[in-house]
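The model is a predicted one.

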Amino acid sequence: AISAAGLTGVTIANAANTTGSTNPMSSLVDAIASKFNLSKTDVQAVFDEQHTKMQADRETEVKAEVAQLVKDGKLTQAQADALNTKRTELQKERDASRATDQNLTDAQRKAKMDERRTALDAWLKDKGIDAQYRYLLMGGRGHGPGGPDGDGPRGGHDQS
């Protein structure tokens with residue numbers, strides 16, 4: 001039960017910080033620890049381990065996908081290297097702003113996402129990379145194939 005809850009919860013947990021109100025999973029960790037009479041620290045450790053593993057797995061998947069795009073001739077190696085570097089940079093920025101972003105209203109959060117998207121589109125254009133590959137930089141798995149607006153190669157659009 002803990003493992004299943006951990007896997008489910010970790011997919012929405014983004015906080016590396018596991019203390020205080022900045023951890024969106026703290027109430028689930030508390031509930032599981034209480035329900036099964038476990039140490040909250042032990043339950044949190046399971047969540048943290050799974051979160052770290054899932055991040056590493058996702059990074060491996062994205063790098064493999066980028067490498068395949070190079071192999072398929074859709075990206076140059078230089079573009080692929082730029083995407084991989086930018087992805088790491090953006091993850092560090094997300095980690096650094098996570099706590100302050102939680103204090104934003106929904107409207108402010110949406111405005112910030114729109115601003116990030118505009119900046120990413122400009123960056124992609126500058127690198128000569130089609131905007132359909134934006135999803136490779138957005139972190140996480142987005143809102144299903146192709147991200148929230150359905151564009152991108154996994155969004156069901158013809159890419160030929």
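Which residues have the most contacts inside the largest nonpolar core? They are Leu75, Leu83, Trp123, Ile129, Tyr133, Leu136 and Leu137, in a core of 16 residues. Helix H3 (40–71), H4 and helix H5 (106–127) are the elements that give two or more residues to this core. H4 gives the most, with 4 residues. Another core lies apart from it and has 6 residues, among them Ile32, Ala33, Val43 and Phe47.

The chain as a whole is helical in its secondary structure, with 5 helices and 0 strands. Along the sequence this reads as α-α-α-α-α. Of contacts between residues at least 6 apart in sequence, 51% join residues at least 24 apart. Values for the whole chain are set out below.

| Property of the protein chain | Value |
|---|---|
| Residues counted as buried | 31% of 160 residues |

Asp101 is found in helix H4, which covers residues 77–101. Is Asp101 buried or exposed? Its relative accessible area is 14%, and because buried means under 20%, Asp101 counts as buried. Beyond its neighbours within four places in sequence, Asp101 is in contact with Arg109, Lys112 and Arg116. With Arg116, the side chain of Asp101 also makes a polar contact of 3.0 Å, side chain to side chain.

Conventions: Residues numbered from 1 in each chain as written. Predicted model: local features only at pLDDT ≥ 70, side-chain atom pairs only at ≥ 80, totals over all residues. Heavy atoms only, no water. Buried < 20%, exposed > 50% of the residue type's maximum accessible area, 1.4 Å probe, protein only. Polar contact = N/O pair within 3.5 Å; in protein donor to acceptor, adjacent residues only side chain to side chain. Contact = heavy atoms within 4.5 Å. Core = buried A, V, L, I, M, F, W, Y, C linked by side-chain atoms within 4.5 Å.
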